[in-house]
Amino acid sequence: MPTQHTVRSFDKELNCLSKKIAEMGTHAVHMVERSIIAIVHDDKKLAKQVIADDIFLDEAERKIDEEAILIIARRQPMAVDLREIIGAIRISVDLERIGDMGKNIAKRTAILSDVRQADPFYHGLEAFAALALKQLNEVLDAYACCSLGRIDAVREHDDEIDSMYTSLFRELLTYMLEDPCNITVCTHLLFCAKNIERIGDHATNIAETVHYVITGIYPALERPKDDQTYRLGAGK
Amino acid sequence: MDSKLKIKMRGLDVKVFYGGKGALHGITLDILENKVIALIGPSGCGKSTFLRCLNRMNDTIEGALVTGRILLDEEDIYDPSVDVVELRARVGMVFQKPNPFPKSIYENVAYGPRIHGLAKSRTELDEIVEQSLIKAGLFNEVKDRLHDVGTSLSGGQQQRLCIARAIAVSPEVILMDEPCSALDPIATAKIEELIDDLRRNYTIAIVTHSMQQAARVSQFTAMFHLGNLVEVGATDTIFTSPQEQRTQDYITGRFG
């Protein structure tokens, strides 16, 4: 099967797009990782760096948009090429949003520093972030090697994120019920948890896009949604 | 394909040999009424050969042999009882290079209806000529010079004149063999717009080398390669997620 285009420069342009997505992916993962470290270890300097780093993803997303539009105008791509380009546009949007989530977490470092609590408060968030990032890394690997098998595995593990989010929600609620002084820190940690949960959603979006790029078909819309937090309250 | 759609023409195991050498190796393909089907594939794949079978244009090529069956409204067009001249009035053709007769614009269009006895009077013939030119989107551009020679028109206008000439004998199917390959983008756009209009009254099969054109004008696409039909399906599917690797390689420019 010929894998190269007769016009070689077309291959170069497509490779350039996927390379940029890979760079964005690495950067987004790194941002989220460091935002969690900043929160957990009360590192305000690191938090500032993460916030400043976000511009890279904003610029990269715009660059991918511009290049994708140029390729469409220049090559009038069809079939798998067209899907790859549309896929790159979509994935770059998801990655840019993931960066925003990391930035949002990092921004809470300052206020949390003022109301510092004992380590166990942060363990849940740390583990939750690790799970979401594992998902994200797997999706990015699947994108890089066009692996349908890996994509399906990611989708199957999606509910783990939801159930972990629900249990973290419950845990933070308990801390708040124990002592109203915990409300500030727990509220901020809840927002961080929400951000992590959103990162999981973006990872799933990317998984669906990669599935479409490879097969030309979107995976079934219905997937089990285990986020139960909308039912949780202080009395329940 | 959608079962509500009526099959206008049908090729059944169509094989073509030129001087004993196989050019088509058994094509079975339906052409649906009031739809545009695009035939695509690399040069020499057999798409034009198949198109020419649909109104028996291969009969004019010495040493050409066609086997299998081609049905028009369920009747075999290769049946000995079929009048080929009448068949070609029902299944008209437009060629790659505009080829108006060296006569006036009016005569180019009037020629067909006249030899087929479609007009009883001069007034009726005038009406047919005018209507055909209107349908071909050319009337407004030529109404004041109907008696100028057809070859005085621009390339795009000449091609629309050829379409008017094909329409004038009230065909049911129009075959187009790369009708825009000699035209500029504006003239091409006009022909494509026309194809979309004509689809309401006619069934159209078009051979094109432009993937974008096939994607723009057709509802169905058939991909040919080395005398075989590789894949046929809804155009929207063929150009976004074709099933066959050869189709994918061809339309994305990875062939060979």
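Predicted model: local features only at pLDDT ≥ 70, side-chain atom pairs only at ≥ 80, totals over all residues.
E9(B), which spans residues 220-225, is accordingly described as mostly covered, with six of its six residues buried.

E9(B) pairs with two strands. With strand E3 (residues 36-40) of chain B, the pairing is parallel and runs over four bridges; within it, Met223(B) of E9(B) is the bridge partner of Ile40(B). With strand E10 (residues 228-234) of chain B, the pairing is antiparallel and runs over six bridges, and Val232(B) in E10(B) is the bridge partner of Ala222(B). The hairpin of E9(B) and E10(B) has two residues between the strands, and Leu226(B) there adopts a positive phi near 50°.

In the contact between the chains, 15 residues of chain B meet 15 residues of chain A. On the side of chain B, helices H8 (211-217), H9 (235-240) and H10 (245-251) each supply at least two residues, and H10(B) gives the most, with four residues. This side of chain B comprises five nonpolar, eight polar and two charged residues.

In chain A, helix H2 (residues 44-75) packs against helix H3 (residues 79-107) at an angle of about 170°, with the axes 9 Å apart. Because this angle is over 145 degrees, H2(A) is roughly antiparallel to H3(A). The crossing of H2(A) past H3(A) is left-handed. The residues of this contact of H2(A) with H3(A) are divided into 15 nonpolar, three polar and eight charged.

Conventions:
Residues numbered from 1 in each chain as written. Chains lettered and ligands numbered in written order. Axes fitted to C-alpha atoms, helices over the stretch in contact; angles between N-to-C directions. Parallel < 35°, antiparallel > 145°, perpendicular 65-115°, else oblique. Left-handed = near helix turned anticlockwise from the far one by under 90°. Nonpolar A, V, L, I, M, F, W, Y, C, P; charged D, E, K, R; others polar. Contact = placed C-beta atoms within 7 Å. Buried ≥ 20, exposed ≤ 12 C-beta atoms within 10 Å, placed from the backbone. Pairing = 2+ DSSP bridges.
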